[in-house]
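Colleague: I would like to learn how to read the features of a two-chain model one by one. Could you take me through them, giving the general idea before each case?

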Amino acid sequence: MTLQIEPPPSPNSPVDGSTGPQPDVDPVTIAVDRGHDVMPRPLPSIEPAAAAPSTKPDAADAALAVEHLNVYYGSFRAIKEVGLTIRRHAVTAIIGPSGCGKSTFLRTLNRMHELTPTARVEGSVLLDGIDIMGPDVDPVQLRRVVGMVFQRPNPFPTMSIYDNVVAGLRLTGRRPKHELDEVVERSLRRAALWDEVKDKLRANGTSLSGGQQQRLCIARALAVDPEVILMDEPASALDPVATLRIEQLMAELRQRYTIVIVTHNMQQAARVSDETAFFTMGEDRAGYLVEMGRTTEIFTNPKDQLTEDYVSGRFG
Amino acid sequence: MTTLAPVMDRSIAARLVRSPTDARRARTDRLMRGLALAAAIACVIPLAAVIGFVTVNGLGGLNVDLLTKAPKALGTGGGAASAILGSLQMIPLATLVAVPVGVLGAVYVAEFSGRRSANAIRFAADVLVGIPSILVGIFVFTFLVLPFKQFNAFAGSMALALLMVPVIMRTTEEILRLVPGTLREASLALGIPMWRTVLSVVLRTGLTGILTGVMLAIARAFGETAPLLFTALGSRLVNVGDFGKPMDALPVFIYVNARQPFPALNQQAWGAALLLLIVVLTINILVRARSWGRRAA
């Protein structure tokens with residue numbers, strides 16, 4: 001078995017020497033290409049996230065632009081008029097008290113909310129200039145571009161580690177074996193799991209520890225080559241050591257992927273994220289965005305009193 | 001204080017000593033426990049009695065002749081080959097029809113339908129499970145026997161399938177509901193289409209449970225007599241492959257032979273009964289043993 005060996009990405013080093021800076025590509029072309037290609041897409045050259053100075057990223061820097069987003073469950077409005085921009089190749093944390101719509105918001109970003117029968121969305125979410133809520137976008141294709149990692153590790157119990165990683169590829173079309181082998185190793189390396197499982201790829205995915213299972217789920221999400229990865233409290237079911245590994249992993253992943261993480265743990269948000277959005281809920285129980293900015297700003301010098309109360313632990 | 005303490009001691013002691021009320025309660029308790037135990041034993045006795053009775057009477061009839069020889073058209077002698085071969089043909093055909101219908105129906109109810117239609121379909125399936133099987137026989141007789149003016153094995157298979165569908169559907173649906181929603185989400189979030197998610201993740205995860213339901217349905221079909229009397233009818237001839245003609249089946253063979261005036265044929269009926277009991281018990285025990293094994297693991 002010949003596998004393409006790739007050094008694990010280290011923080012703050014330029015990505016993959018083989019792929020130099022790419023000319024700007026028409027957003028439409030990107031959106032059309034995305035679901036189909038298996039090989040790693042040539043990555044646009046990026047600045048390390050920490051170097052980006054502004055809280056208001058310009059259009060080229062934005063991975064997702066959310067405008068006037070309202071989410072309803074039946075007649076109940078769960079999210080009210082959220083507008084924010086999520087920066088490409090950065091970690092954006094969403095924090096806020098329980099019930100403020102963090103998870104609901106996250107799930108609309110790859111239209112997972114549609115699994116809830118009564119859920120309905122108003123407003124737009126632009127991904128590379130395309131409104132993902134629009135009639136031209138197929139949710140199945142969208143979810144290959146915007147992947148998701150859940151609160152509890154959920155590897156497919158009937159599948160081996162190997163099969164779990166390639167599930168997204170294999171269940172969407174036939175691929176040659178050598179290509180799958182490559183994807184498995186690359187994805188597991190990027191998820192920092194390769195060394196632990198390379199000798200037992202045929203073992204059942206559920207035989208791993210909780211933390212390993214969660215990294216397997218991350219590898220599985222990476223295997224379909226997403227642009228954005230949504231993480232819904234990815235470490236809340238894990239012990240502190242496993243949590244640390246996931247957090248380190250996020251720091252590495254943001255060089256190639258845009259990451260949005262919902263977390264209840266404010267220290268975690270402070271540690272892992274570049275930007276933080278603070279949500280809370282109003283009198284009508286609808287969640288809304290209070291403020292968003294660079295994580296250091298939000299935690300040290302918030303503009304809004306509500307934010308300050310929350311991050312200083314006086315409420316929630 | 002010093003005067004109060006002994007009083008307290010006495011009253012606590014008095015409260016601890018068994019009173020007449022307590023003794024009565026203890027007697028009632030023993031009585032009711034005994035009755036419950038007797039009832040529990042009464043539930044188990046029939047099974048033991050049936051197994052014992054059929055084994056004792058059937059051992060003499062269960063021999064190579066019974067398994068290999070066709071029945072004689074008249075008089076005594078021969079065996080139950082017609083019935084064994086008949087059951088082994090009609091039940092696979094019934095399974096072939098019932099499994100896709102039952103499983104797909106369950107997939108619809110568990111994965112795609114709204115709450116109202118799911119409840120309606122589930123209710124219908126539950127009622128169908130409870131319908132006396134002879135009514136199913138008459139129903140199939142009307143549609144698959146009368147028009148052809150000929151009892152036929154195909155009608156027998158369809159009657160059995162009709163009895164198997166609701167059993168398979170209900171067990172499959174229960175199993176599909178046990179598959180965690182997080183697995184569906186995980187699959188859909190990878191951009192795997194819904195149909196593929198159902199096929200490769202949900203059904204795959206519930207596969208052993210679904211097989212259990214199918215096996216139990218097969219065991220039930222093996223023992224059904226009434227629906228076959230109106231459809232496949234039973235036959236003294238070995239019928240291999242001609243589903244347009246009457247066909248024998250084990251329970252029908254038992255029914256027919258038990259009514260004959262010849263002790264030798266009655267003996268064959270006992271032998272066939274033991275054979276049927278072994279088949280059905282084996283399927284049931286295999287299925288349950290596997291689910292025990294999984295629970296232990």
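Colleague: Which helices of chain A do the buried residues of H4(A) pack against?

Modeller: A word on the source comes before the case: this is a predicted model, in which local features need pLDDT of at least 70 and side-chain atom pairs count only at pLDDT 80 or more, while totals for chains, interfaces and linings use all residues. Residues are numbered from 1 along each chain as its sequence is written, and chains are lettered from A and ligands numbered from 1 in the order in which they are written. Helices (H or I, at least four residues) and strands (E, at least two) are DSSP runs numbered from the N terminus, and two residues are in contact if their C-beta atoms, placed from the backbone, lie within 7 Å. In those terms, the buried residues of H4(A) pack against H5, helix H6 (194-197) and H7 of chain A.

Colleague: How many residues of helix H4 of chain A are buried, and which are they?

Modeller: A residue is buried if 20 or more other C-beta atoms lie within 10 Å of its own, exposed if 12 or fewer, and partly exposed in between, with C-beta atoms placed from the backbone. Helix H4 (residues 161-170) of chain A has 8 of its 10 residues buried, and is therefore largely enclosed by the rest of the structure. The buried residues are Ile161(A), Asp163(A), Asn164(A), Val165(A), Val166(A), Ala167(A), Gly168(A) and Leu169(A).

Colleague: What is the angle at which H4(A) and H5(A) pack?

Modeller: Two packed helices are described by the angle between their axes and the distance between the axes. Axes here are lines fitted to C-alpha atoms, for helices over the stretch in contact, and angles run from 0 to 180 degrees between N-to-C directions. H4(A) and H5(A) pack at an angle of about 110°, with their axes 9 Å apart, which makes H4(A) roughly perpendicular to H5(A); angles under 35 degrees count as roughly parallel, over 145 as roughly antiparallel, 65 to 115 as roughly perpendicular and the rest as oblique. The contact joins Tyr162(A), Val165(A), Val166(A) and Leu169(A) of H4(A) to Leu180(A), Val183(A), Val184(A), Ser187(A) and Leu188(A) of H5(A). By class it has 8 nonpolar, 1 polar and no charged residues, where Ala, Val, Leu, Ile, Met, Phe, Trp, Tyr, Cys and Pro count as nonpolar, Asp, Glu, Lys and Arg as charged, and the others, Gly among them, as polar.

Colleague: Which residues of H5(A) meet H7(A), and at what angle do the axes of these helices cross?

Modeller: The axes of helix H5 (residues 177-190) and helix H7 (residues 210-223) of chain A come within 8 Å and cross at roughly 130°, so H5(A) and H7(A) are oblique to each other. On the side of H5(A), the residues are Val183(A), Ser187(A), Leu188(A) and Arg190(A), which meet Ala219(A), Leu222(A) and Ala223(A) in H7(A). This contact has 5 nonpolar, 1 polar and 1 charged residues.

Colleague: Is Val146(A) buried or exposed, and with which residues is it in contact?

Modeller: Val146(A), in strand S6 (residues 146-149) of chain A, is buried, because 28 other C-beta atoms lie within 10 Å. Leaving aside neighbours within four places in sequence, Val146(A) is in contact with Leu109(A), Asn110(A), Pro226(A), Glu227(A), Val228(A) and Leu230(A).

Colleague: Where is Lys149(B) placed, and what is its phi?

Modeller: Lys149(B) lies in the loop between helix H6 (133-145) and helix H7 (153-178) of chain B, and its phi is near 50°, a positive value in a residue other than glycine. Lys149(B) is exposed, with 6 other C-beta atoms within 10 Å. In chain A, Glu81(A) has a positive phi of about 45° although it is not a glycine; Glu81(A) belongs to strand S2 (residues 76-87) and is partly exposed, with 14 other C-beta atoms within 10 Å.

Colleague: How many helices and strands does each chain have, and why is chain B described as more spread out than a compact globule?

Modeller: Chain A has 11 helices and 10 strands, whereas chain B has 13 helices and 0 strands. The radius of gyration of chain B (taken over C-alpha atoms) is 28 Å, well over the 19 Å that the globule rule gives for 297 residues, so chain B is more spread out than a compact globule; that rule is 2.2 Å times the number of residues to the power 0.38.

Colleague: How many residues of chain B are in contact with chain A?

Modeller: The contact involves 15 residues of chain B and 23 residues of chain A, and the largest share of the chain B side, 6 residues, comes from H8(B).
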